[in-house]
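Morning, everyone. I have one structure to walk through today, so please look at the screen.

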Amino acid sequence: RKQYSEALDLERQALVAAERQFGSDHATVALVLLALVQLHDALARSKEAIPLLERANSILVKGRGPEHPSVVDAQAGLAKRYEDQEMFEPAEALYRRVLVAREKSLGSENPALLGALSDLAAVLESMGRPAESEVLHERGLAILEMAAGSKHDGLLNTLVDLARVESMQRKFPEAEAHLRRALEAEEKSH
């Protein structure tokens, strides 16, 4: 813990130096901010990382554009911090941006979208919107079935997540069917 605290002090000094040398809106400053975020994470200071991530995100959007992969990754990280702090509205907005950007770069039926779909679905579920969450899980399931059939690693989690939001809506037969499929998938994998 002491080493992380010392590293945090050094990173803060690096931030000041980068701002002096490059200006406060330079990509190098964003990289130093992201390093500071990692240190805050290691020290379990997620809440303190949020303003750093917000600033890094702002710099990256200005410098690289909103759809650059590093910007999308930074937005996903910021959305996760918001979600962890139960700041669901800004998390939802960012997760929606992340999903749109990833759809543009990967296509709308790419299995790599599963993470973005699941993240947004989880926030919607936390906000008491299981019907919207269900739609996203169903979409993820359809993508997985088209791409990999029953062999994709994310299939089991997607089926369980879908069953959970169906149960929240008292759709018990559908939830049971999805849980049975999850069990079958788990048994086949062993």
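Let's start at a loop. R170 sits between helix α8, residues 155-168, and helix α9, residues 172-189. Keep in mind that this is a predicted model. Now look at the backbone of R170. Its phi is near 65 degrees. That is a positive value, in a residue other than glycine.

Is R170 buried or exposed? R170 is exposed, because its relative accessible area is 64%, and exposed means over 50%.

Next, go back along the chain to A44. The relative accessibility of A44 is 68%, so A44 counts as exposed.

Now for a contrast. Find H137, please. H137 belongs to helix α7, which runs over residues 130-148. Why does H137 count as buried? Because its relative accessibility is 3%, and buried means under 20%.

So what does H137 touch? Leave out residues up to four places away in sequence. Then the list is A121, T158, D161, L162 and V165.

Let's step back to the whole chain. How many helices and strands are there? There are 9 helices and 0 strands.

What about the overall dimensions? Along the principal axes, the C-alpha atoms fill a box of roughly 60 × 35 × 35 Å. The chain has 190 residues, and 38% of them count as buried. H137 is one of the buried residues.

Now contacts across the sequence. Take contacts between residues at least 6 apart in sequence. Of these, 54% join residues at least 24 apart.

Then the surface. The accessible surface comes to about 10,400 Å². Carbon and sulfur atoms account for 53% of that.

Last, charge. The chain carries 24 positive and 31 negative side chains. How far apart do the centres of the two sets lie? They lie 4 Å apart.

To recap: A44 is exposed, R170 is exposed, and H137 is buried.

How values were computed: Residues are numbered from 1 along each chain as its sequence is written. This is a predicted model: local features need pLDDT of at least 70, side-chain atom pairs count only at pLDDT 80 or more; totals for chains, interfaces and linings use all residues. Side-chain values use heavy atoms; hydrogens and water are left out. Buried means under 20% relative accessible area, exposed over 50%, partly exposed in between (1.4 Å probe, protein chains only). Helices (H or I, at least four residues) and strands (E, at least two) are DSSP runs, numbered from the N terminus. Contact means heavy atoms within 4.5 Å. Accessible areas come from the Shrake-Rupley method with a 1.4 Å probe; for residues, only the protein chains shown count as cover. Lys and Arg count as positive and Asp and Glu as negative; His and the chain ends are not counted. The place of a charge is taken as NZ of Lys, CZ of Arg, CG of Asp or CD of Glu.
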